[in-house]
Amino acid sequence: ATNSSLTIVNADSASAGTYFVVVSNNVGTATSLGAKLTVLIPPTINSGPQDIVTNSGKLVKLTVIASGSLPMTNRWWRSNGTSNTLVNTSVFSTPTNSSTGYSNAFTFTTTTNQFYYSVVANSAGSVTSRLVSITIQSPPTITNQPQGVVTNEGATVFFYVDATGDA
């Protein structure tokens with residue numbers, strides 16, 4: 001080529017690398033130093049987080065798997081419908097595997113119904129997960145035990161129990 005520039009249209013990860021130019025004329029050749037092209041990929045959420053139903057006081061683990069250029073940060077937010085509170089910030093570091101992306105989890109204990117979402121960001125952009133619900137249900141508890149019955153043969157017998165808890 002006889003141009004003094006190279007234009008790459010729609011640069012993507014395949015375009016990344018080190019570029020050199022070689023110029024020559026009738027009396028010699030000169031090679032430039034390498035110019036490195038780094039293409040930053042904005043984050044995408046590949047899976048998660050999911051809604052959870054649990055008992056009060058149990059550990060809850062929210063997980064998001066994302067891909068994009070590292071370093072990526074993940075911020076977990078709690079939402080009550082009118083305001084949002086930042087509850088955890090961490091950095092993606094360990095790949096889940098080469099095809100699914102990087103995993104990031106947030107583990108906590110809760111005693112109330114709550115809503116959470118994740119914002120994954122890097123220097124190329126950010127993406128927000130869907131809002132997920134943490135629903136607290138009460139386990140069943142028998143409050144009135146069944147009582148023994150003495151009856152005559154052929155009679156109809158009923159046993160009763162009272163219980164509390166979520167259906």
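This is a predicted model: local features need pLDDT of at least 70, side-chain atom pairs count only at pLDDT 80 or more; totals for chains, interfaces and linings use all residues.
**Serine 15.** I found serine 15 in the segment before β1 (17-19). Buried or exposed? I wanted that settled for serine 15. Its relative accessibility is 10%, so serine 15 counts as buried; the cut-off for buried is under 20%. Next I listed what serine 15 touches, leaving out residues up to four places away in sequence. Ile8 and Leu37 came up.

**Strand β12.** I moved on to β12, residues 114-122. How many of the 9 residues are buried? I noted 7, so the strand is largely enclosed by the rest of the structure.

**β12 with β8.** Strand β8 covers residues 73-79. I looked up how β8 and β12 run, and the answer is antiparallel, with 7 bridges joining them. For a reference point I took tryptophan 76, which stands opposite serine 118 in β12.

**β12 with β14.** Strand β14 spans residues 132-137. I recorded 3 bridges between β12 and β14, again in the antiparallel sense. Which residue of β14 is the bridge partner of tyrosine 116? I read off valine 132.

**β12 with β13.** Strand β13 takes in residues 125-128. I logged 4 bridges to β12, and the sense is antiparallel. Asparagine 122 stands opposite glycine 125 in β13. I also checked the link between these two strands: β12 and β13 form a hairpin, with 2 residues between them.

**Recap.** My notes on β12 hold antiparallel pairings with β8, with β14 and with β13.

Notes
Residues are numbered from 1 along each chain as its sequence is written. Side-chain values use heavy atoms; hydrogens and water are left out. Buried means under 20% relative accessible area, exposed over 50%, partly exposed in between (1.4 Å probe, protein chains only). Two strands pair if DSSP finds at least two bridges between them. Contact means heavy atoms within 4.5 Å.
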